[in-house]
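User: I should like to learn how to read the features of a protein model, one at a time. Please give the general idea first and then the case at hand.

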Amino acid sequence: MRIIDIREKTVSIASPIANAFIDFSKMTCSVVAVVTDQIRDGKPVVGFGFNSNGRYGQGSLMRERFIPRLMEADPATLIDEGEDNLDPFAIWKTMMTNEKPGGHGERSVAVGTIDMAVWDAVAKIAGKPLYRLLADRYRDGVADDDVWVYAAGGYYHSGKEIEGLKDEMRSYVDRGYTVCKMKIGLAPLADDLKRIDAAIEVVGDPANLCVDANGRFDLKTAVAYAKALEPYGLYWYEEAGDPLDYALQAELAQHYSGRMATGENLFSMQDARNLIRYGGMRADRDILQFDCALSYGLVEYMRTLAMMKENGWSSRRVVPHGGHQMSLNIAAGLHLGGNESYPDVFQPFGGFADATGVRNSRVGLPTVPGVGFEAKSALYSLLKRELLD
Ligand SMILES: O=C([O-])CC(=O)C(=O)O
Ligand SMILES: [Mg+2]
């Protein structure tokens with residue numbers, strides 16, 4: 001058993017949307033295929049991965065360091081003890097050979113993308129959906145049948161602010177979502193409050209609305225928003241300040257008793273641990289949003305979940321960023337609290353299998369082996385076109 005090829009391409013995930021920090025007009029995404037010598041249903045098993053959204057493609061790091069390390073390794077060192085499958089932990093260790101600690105960022109995205117493709121291949125070789133493989137291996141066989149999801153969108157679109165926002169939120173509610181998320185922080189507070197009021201009119205209850213500042217605020221602005229938002233009783237207030245400003249997050253907790261969410265821009269177990277140690281996040285209500293694709297993949301995610309457990313945090317307090325099928329599998333298989341969903345943005349990467357509709361803000365998973373890319377036709381055709389043809 002061996003990996004015979006690893007292919008990568010950078011594709012566009014550009015769109016005309018903007019959050020408080022960036023626009024996505026030039027956003028790219030890496031797609032990866034790990035081709036194995038295993039044959040299932042008459043075809044070689046190929047695992048696929050992509051790097052979620054919001055961080056640019058990482059092809060050069062993959063080409064220069066991570067793919068050569070895997071292709072140069074003795075194949076026997078990359079397979080598991082029973083020698084009947086690839087070993088994602090051994091593969092991870094090989095990719096990270098001669099990498100110093102610290103400075104997690106672009107490298108974590110490159111490794112996380114290849115790791116996704118490896119797990120897709122591992123589940124396909126085992127002939128199981130990934131969430132089932134994870135539950136069988138790590139949770140005594142108990143998986144969640146479906147996963148809580150919320151609809152993320154509500155970006156700034158010049159020219160169609162309030163009415164456009166309401167139409168968008170209405171379409172999410174019509175598609176089965178209870179909780180929706182919108183962006184804040186690009187407009188002044190007074191204007192954002194008008195946008196929030198408009199969204200609440202549609203989602204019916206402030207407790208059905210999350211707001212996301214994408215790390216834009218300094219402490220003063222974060223607290224000013226906290227004071228204005230607190231009386232609403234929103235579902236959560238996300239990423240108020242810089243992701244690495246743990247002191248800001250801890251101070252914010254002194255001014256906001258509602259639920260806070262953050263973590264999508266923390267890319268390692270160590271960064272996540274610093275958030276838990278120093279960020280003032282509260283294990284009884286707050287939400288952690290680490291995204292495996294951006295943060296060294298599922299191998300590292302398991303270390304993060306173990307770290308959380310040691311610190312008294314339930315895995316149910318994790319609702320990953322990224323709205324992708326990999327996190328959905330982790331959520332169902334490793335008992336997270338839910339997953340983000342992008343019903344419209346970041347297509348075709350955002351969203352889940354074609355046949356799995358959302359009901360009461362919950363979504364099921366397909367039964368195909370692997371992550372489920374083959375059951376999401378628009379994404380699968382892109383992956384095939386870019387990597388296999
Ligand atoms: O706008 C983005 O970068 C995505 C984001 O924060 C989210 O989905 O929470
Ligand atoms: Mg966010």
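**Reading the backbone, the core and the domains**

Analyst: Pro348 lies in the loop between β10 (339-341) and β11 (358-359); helices (H or I, at least four residues) and strands (E, at least two) are DSSP runs numbered from the N terminus. This is a predicted model, in which local features need pLDDT of at least 70, side-chain atom pairs count only at pLDDT 80 or more, and totals for chains, interfaces and linings use all residues. Residues are numbered from 1 along each chain as its sequence is written, while chains are lettered from A and ligands numbered from 1 in the order in which they are written.

User: Is the peptide bond from Gln347 to Pro348 cis or trans?

Analyst: Most residues other than glycine have a negative phi, and most peptide bonds are trans. The bond from Gln347 to Pro348 is cis, with omega near 0°.

User: Which residues other than glycine have a positive phi?

Analyst: Among them is Phe346, with phi near 60°, placed in the loop between β10 and β11. Phe346 is buried because 22 other C-beta atoms lie within 10 Å; the term requires 20 or more such atoms within 10 Å, whereas 12 or fewer make a residue exposed and counts in between make it partly exposed, with C-beta atoms placed from the backbone. Glu239 has a positive phi of about 40° and sits in the loop between β7 (236-238) and α8 (246-253). With 28 C-beta neighbours inside 10 Å, Glu239 also counts as buried.

User: How should the length of helix α10 be checked?

Analyst: The expected span of a helix is 1.5 Å times one less than its number of residues. For the 14 residues of α10 (297-310) this gives 20 Å, and the end C-alpha atoms are 20 Å apart, so the two agree. Its buried residues include Gly297, Tyr301 and Met308. The buried residues of α10 pack against α2 (88-95), α3, α9 (269-278) and α11 (325-334); contact requires C-beta atoms, placed from the backbone, within 7 Å. Just after α10, Gly312 takes a positive phi of about 80°.

User: Which residues touch the most other members of the largest nonpolar core?

Analyst: A nonpolar core is a set of buried Ala, Val, Leu, Ile, Met, Phe, Trp, Tyr and Cys residues joined through C-beta atoms within 7 Å. The largest one here has 118 residues, and Ile114, Cys180 and Leu209 touch the most other members. Helix α3 (residues 106-126) gives the largest share, 12 residues. Domain 1 (3-126) and domain 2 (138-387) both contribute, so this core lies between them. Leaving aside neighbours within four places in sequence, Leu209 is in contact with residues including Cys180, Met182 and Tyr235.

User: How many residues of each domain are in contact?

Analyst: Domain bounds come from an automatic or database domain assignment. In this chain, 35 residues of domain 1 are in contact with 37 residues of domain 2. On the side of domain 1 that touches domain 2, α3 supplies the largest share, 11 residues. That side divides into 19 nonpolar, 10 polar and six charged residues; Ala, Val, Leu, Ile, Met, Phe, Trp, Tyr, Cys and Pro count as nonpolar, Asp, Glu, Lys and Arg as charged, and the others, Gly among them, as polar. The C-alpha centres of the two domains lie 23 Å apart.

User: Which residues are around ligand 1?

Analyst: A residue belongs there if its C-beta atom, placed from the backbone, lies within 6 Å of the molecule. The residues around ligand 1 are Asn19, Gly54, Ala152, Asp212, Asn214, Glu264, His321 and Glu340. This shell divides into one nonpolar, four polar and three charged residues.

How values were computed. Contact = placed C-beta atoms within 7 Å.
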